[in-house]
Amino acid sequence: MDSVFVKEAALNLGADICGIGSVERFSEAPKGFHPKDVLPSCASVIVFGIRFNATTMNATSANPYTVARNTVAEELNRIACKLALVIADAGYDAVPIGSVGCDKYDDDTQRYLGAISLKHSAVLCGLGKMGKNTILVNDRFGNMLWLAAVLTSAKLSADPIAAYESCIDGCTLCIDNCPVSALDGTTINQIACRDYALGSRNGGEWRIHCFTCRKVCPQKLSIQQ
């Protein structure tokens with residue numbers, strides 16, 4: 001089994017893109033959220049993504065974007081479980097990292113964190129660069145990717161880190177348009193963002209009420225020239 005086999009398996013299962021990074025690249029991961037904290041035998045991190053419909057952001061209702069996000073997340077979780085099983089059947093440790101949920105509050109960073117950071121992992125697996133809105137930007141799919149991962153003991157060839165820039169030089173649209181001023185161009189005030197964007201309002205169902213930083217970004221579609 002090699003990286004070509006793994007990537008083909010991910011794409012055949014329904015992923016639109018897949019990248020691989022060696023665990024040595026993850027030295028700056030927060031304590032407790034390093035791939036080896038999840039799987040001690042981890043040698044490689046596999047991150048894959050599915051693009052979702054950018055035109056959902058043109059709707060006057062939050063429903064279409066939320067449904068698209070939830071559906072893509074469920075599909076990514078399915079792919080993660082299937083891909084991990086394929087790798088495990090080849091004789092290696094392999095565990096799925098889901099697209100959303102299962103996060104916890106970390107006192108050290110004062111942030112809610114997943115088992116690993118999928119966005120940072122995607123950067124370390126060559127899938128793109130982080131934008132000023134703290135969203136991954138890929139040269140093929142812009143910022144319209146949702147992500148999941150598999151950790152494995154298999155030593156796979158790593159992809160090169162992306163060399164292109166995520167943001168247009170001088171662009172501050174996401175920072176200027178954030179309704180709660182949660183962005184500074186480097187980090188995000190996660191609590192302020194979550195409190196405004198997520199959860200029920202006026203007793204209604206759970207919806208993603210804000211995706212302004214993604215919508216105003218010029219890189220929401222392909223940045224290839």
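I started with F5, which lies in helix α1; helices here are DSSP runs of H or I with at least four residues, strands are runs of E with at least two, and both are numbered from the N terminus. The model is predicted, so I kept in mind that local features need pLDDT of at least 70 and side-chain atom pairs pLDDT 80 or more, while totals for chains, interfaces and linings use all residues. Residues are numbered from 1 along each chain as its sequence is written, and side-chain values use heavy atoms, without hydrogens and water.

I looked up the cover of F5 and found it partly exposed, at 39% relative accessible area (buried is under 20%, exposed over 50%, partly exposed in between, with a 1.4 Å probe and protein chains only). With M1 and V86, F5 forms a nonpolar surface patch of about 230 Å² accessible area together (members have over 30% relative accessible area and no salt bridge, with nonpolar side chains joined within 5 Å).

Next I turned to the inside. The largest nonpolar core has 30 residues, and I46, F48, L83 and V150 touch the most other members (a core joins buried nonpolar residues through side-chain atoms within 4.5 Å). Helix α3 gives the most to this core, nine residues. Apart from it I found another core of 20 residues, including I97 and L136.

Last, I checked Q219, in the segment after α7 (212-215). Q219 is buried, at 10% relative accessible area. Its side chain reaches the backbone oxygen of S166 at 3.1 Å.

Notes:
Patch = residues over 30% accessible without salt bridge, like charges linked within 9 Å, V, L, I, M, F, W, Y side chains within 5 Å. Areas by Shrake-Rupley, 256 points an atom, 1.4 Å probe, with all protein chains shown as cover. Salt bridge = Lys/Arg side-chain N within 4 Å of Asp/Glu carboxyl O. Polar contact = N/O pair within 3.5 Å; in protein donor to acceptor, adjacent residues only side chain to side chain.
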